[in-house]
Amino acid sequence: MTIDILVNIEMPQGSRDHLAEHYAVHYWPDPATHGQLLEDPVLKRIRGVQTNGSFGLKRPFIEAMPRLEIICAIGAGFEGIDLAAAAERGIPVTNGSGANAPTVADHAFALLLGVVRRVPEGDRAVREGRWREARDFMPVLAGRKMGIFGLGHIGLEVAKRALGFDMEIGYRNRRPRDDLPFRYFDSLTALAGWSDALMITAPGGAETYHAVDGAILDALGPDGVLVNVGRGSVVDSAALVAALRDDRIAGAALDVIEGEPAVPPGFLDRNNLVLSPHVGSRSRAAMHASIELVRRNMDARFAGRPVLTPVSG
């Protein structure tokens, strides 16, 4: 019997083909058309949905799918999925916990090195013939203190890379990790005050909304740098613009931006800010691992087995 599933975000053809080996895939990549499709009769047949955390799946669509049995977020985040609506129907929600962590951690360290060693500034200077004026003394990363906000799969991969730079590691989590030797902080303010580099790998959602505000940036201080590869909503953009403008922190690097793909105008003229277009998880290896985990979760659900990576609200 054919099992119909819906992919409601843009996905590479190869990933869709991987799902299509087991399922009938209905592909709706354009959010602008979703409102028109809410009455589409195909929704009555959909038994699984593959989405991501930032776009998710809202209550009207969940209610429009009477046969829906599973919702899979391809990445680690799941804040855009209406967990309450899913729970009312007993529909499990899964995420891609750990599948893209090495790739994201690589990118996080690229951003960290880029902002500390001013790589984008140097690149521009060379291209514009300003070689000599760009040859300034710059900070050293090795041996400094890294604070990690959100010590999950990605945070742990970042910590592994930081150890290679002889960095001391502290972290802030919902609860301490007794299995790790790193220093736990009971507040984000305390972690920021201790850190030379504050790495954000926390998920989005109400609990972390604007957790990094002006007070946290002031605690990080004029020699500190901020890197965010978690969710854009974790950092108060207006507070960050002000802190960068007033040199209250040394610099920042963001792969995720609040309200993306729109970029706050104040970001664009800051030489002490490095930006990338939410590509931290984008590698062929990460995509293959992520879509394979989606398929394994769906396979398990439709075979009556427990899903592999359930999430809860």
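By class, 6 nonpolar, 3 polar and 1 charged residues form the lining of the largest cavity; here Ala, Val, Leu, Ile, Met, Phe, Trp, Tyr, Cys and Pro count as nonpolar, Asp, Glu, Lys and Arg as charged, and the others, Gly among them, as polar. The model is predicted, so that local features need pLDDT of at least 70 and side-chain atom pairs count only at pLDDT 80 or more, while totals for chains, interfaces and linings use all residues. Residues are numbered from 1 along each chain as its sequence is written, and side-chain values use heavy atoms, with hydrogens and water left out.

**The cavity**

To display this lining, select Asn228, Gly232, Val235, Ser237, Leu240, Leu254, Val256, Ile257, Glu258 and Phe267. The largest cavity holds about 40 Å³ of space, and the count of cavities of 30 Å³ or more is 1. On a 1 Å grid over the protein atoms alone, a cavity is a set of points where a 1.4 Å probe fits but cannot get out; a pocket is an open set with protein on both sides within 12 Å along at least five of seven lines; and lining residues have an atom within 4 Å of a point. Grid points are joined across faces, edges and corners, and a volume is the space filled by probe spheres set on the points.

**The second largest pocket**

Next, select Arg118, Glu121, Gly122, Ala134 and Met138, which lie nearest the centre of the second largest pocket among its 15 lining residues. About 300 Å³ of space lies in this pocket. Its lining comprises 4 nonpolar, 3 polar and 8 charged residues.

**Helices H5 and H7**

Then select helix H5 (residues 101-116) and helix H7 (residues 153-163), which pack at an angle of about 50° with their axes 8 Å apart. H5 is therefore oblique to H7: angles under 35 degrees count as roughly parallel, over 145 as roughly antiparallel, 65 to 115 as roughly perpendicular and the rest as oblique. Axes are lines fitted to C-alpha atoms, for helices over the stretch in contact, and angles run from 0 to 180 degrees between N-to-C directions. Helices (H or I, at least four residues) and strands (E, at least two) are DSSP runs, numbered from the N terminus.

The crossing of H5 and H7 is right-handed, that is, the near helix is turned clockwise from the far one by less than a right angle. On the H5 side, the contact (heavy atoms within 4.5 Å) includes Ala101, Pro102, Val104 and Phe109; on the H7 side, His153, Ile154 and Arg161 are among the residues involved. This contact has 9 nonpolar, 1 polar and 3 charged residues.

**Helices H1 and H11**

Move to helix H1 (residues 13-20) and helix H11 (residues 284-302), whose axes lie 10 Å apart at an angle of about 25°. H1 is therefore roughly parallel to H11. Their crossing is right-handed. Select Ser15, His18 and Leu19 in H1, which meet Met287, Ile291, Glu292, Val294 and Arg295 in H11.

**Backbone stops**

Finally, select Pro261, in the loop between strand E11 (251-254) and strand E12 (273-275). The peptide bond from Glu260 to Pro261 is cis, with omega near 10°. His210, a residue other than glycine, has a positive phi near 55°; His210 is placed in the loop between strand E9 (197-200) and helix H9 (214-220).
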